[in-house]
Amino acid sequence: MTILVTGAAGFIGYHLSRRLADRGERVIGLDNLTEFYDTELKRRRLVQLSTFPSFEFKHVDLANREALAEALKGEPIRQVFHLAAQANVRYALENPYAYLDSNITSHLNLLEHIRHSGGVEMFVYASSSSVYGAANPVPFHEDAITDHPTSLYAATKKSAEMMSEVYADIFDIPQVGLRFFSVYGPWGRPDMAYWLFTEAILAGRPIKVFNDGNMQRDFTYVDDVVAGILAVADAPPGGPRHRVYNIGNNTPVVLLDMIKTLERIIGKEAELDFMPAQPGEMQVTCADVSTIRKDFGFRPTTSLDVGLQKFVDWFRRYQRWS
Ligand SMILES: NC(=O)c1ccc[n+]([C@@H]2O[C@H](COP(=O)([O-])OP(=O)(O)OC[C@H]3O[C@@H](n4cnc5c(N)ncnc54)[C@H](O)[C@@H]3O)[C@@H](O)[C@H]2O)c1
């Protein structure tokens with residue numbers, strides 16, 4: 001079986017591709033290596049993936065539908081994991097069109113490709129906790145109303161969910177959308193707080209703490225996320241043609257407590273530079289994971305202490321290679 005992973009040079013796509021290739025699946029990893037963050041990190045992830053003979057990388061921009069069709073021509077793809085996106089809430093203030101191209105046009109191009117090529121048995125795509133906006137009670141349940149996003153990023157993720165709903169219904173393409181909650185871990189994202197804080201504490205630089213550090217995030221370790229994706233994909237077919245599930249840790253942590261955990265792991269105190277809240281940021285995120293637990297047996301198993309320790313250990317090694 002051939003499996004397509006989009007965003008394979010990205011954080012979660014890299015981990016998922018690795019797990020799939022490790023169990024012997026033929027994986028086509030697709031990415032356009034956007035310069036949103038250090039492309040050297042993406043290239044290094046690809047170097048790791050290139051050690052698996054069943055992994056093949058294709059450098060393609062999903063927003064270019066001709067290039068996408070050409071790259072996938074004749075490939076017998078049965079499962080698609082669509083993880084490519086323009087992530088980050090704040091960057092939309094600088095570059096809104098990246099969200100249109102990578103999160104809306106690209107999603108539609110992929111759906112169109114699947115519709116016309118046929119043969120895809122399951123389309124799993126990444127959505128986000130950001131679709132819940134500011135007005136929903138925590139923990140967020142999949143049935144909550146998601147019509148009031150607080151960022152352009154969230155609006156594009158919600159748009160992708162709605163396009164999938166339509167394509168599942170009209171073209172009978174089985175789909176699962178997974179709303180991820182603040183994913184972290186080795187080979188992670190340099191724009192995210194846990195990376196920025198670790199880097200700054202180690203270098204003895206002050207860290208910017210928005211909203212006085214009062215936000216709460218449901219930090220979810222990347223191996224738990226990959227386990228959740230695979231639990232969904234490996235389940236026997238059935239049920240509604242389009243479903244949406246949360247993948248989170250169900251344990252929100254105050255940002256200042258996360259910083260304290262990092263200080264303890266690194267063995268050094270952080271210098272805090274308090275800043276006002278940023279537009280578009282949510283106050284609290286927390287996943288209700290009861291539905292994905294009931295349907296697929298998903299259970300996150302990694303505490304923040306353990307996960308951050310693994311991240312910091314990896315980060316120190318990564319810095320030595322650089
Ligand atoms: N990491 C998190 O905390 C988190 C939380 C919620 C949702 N998500 C979602 O999970 C998915 C994976 O996120 P990630 O953290 O691995 O991000 P990432 O930025 O590390 O990976 C995304 C990859 O997609 C690629 N990409 C972007 N636009 C593309 C395009 N037009 N064509 C081809 N490739 C393109 C990028 O080059 C990048 O390598 C995304 O859909 C993101 O929105 C992530």
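Are Glu161 and Arg179 buried or exposed? Keep that in mind for the last stops; this tour runs through a predicted model.

**The sheet.** Start with the strands. Seven of them form an open sheet with parallel pairing, in the order β3-β2-β1-β4-β5-β6-β11. Select β3 (55–59) and β11 (242–247). These stand at the edges with a single partner strand each, so one side of each has no neighbour in the sheet. From one strand to the next, the twist averages 20°.

**The β2–β3 pair.** Select residues 26–31, strand β2. Five bridges pair β2 with β3 in the parallel sense. Pick Asp31: its bridge partner in β3 is His59.

**The helices.** Show residues 96–117, helix α4. This helix packs on the sheet and touches β1, β4, β5 and β6. Its direction makes about 170° with that of β5. Next, show α5, residues 152–171. Helix α5 lies across β5, β6 and β11, at about 155° to β5.

**Salt bridges.** The model has 18 of them. Select Arg26 and Glu75, whose side chains meet at 2.9 Å, N to O. Arg26 is in β2 and Glu75 in the loop between α3 and β4, so the pair ties together parts 49 residues apart in sequence.

Finish with Glu161 and Arg179. Their side chains form a salt bridge at 2.7 Å, N to O. Glu161 belongs to helix α5 and Arg179 to strand β6, so this pair ties together parts 18 residues apart in sequence. As for the opening question, Glu161 and Arg179 are both buried.

Methods:
Residues numbered from 1 in each chain as written. Predicted model: local features only at pLDDT ≥ 70, side-chain atom pairs only at ≥ 80, totals over all residues. Heavy atoms only, no water. Pairing = 2+ DSSP bridges. Helix = DSSP H or I, 4+ residues; strand = E, 2+ residues; numbered from the N terminus. Axes fitted to C-alpha atoms, helices over the stretch in contact; angles between N-to-C directions. Contact = heavy atoms within 4.5 Å. Salt bridge = Lys/Arg side-chain N within 4 Å of Asp/Glu carboxyl O. Buried < 20%, exposed > 50% of the residue type's maximum accessible area, 1.4 Å probe, protein only.
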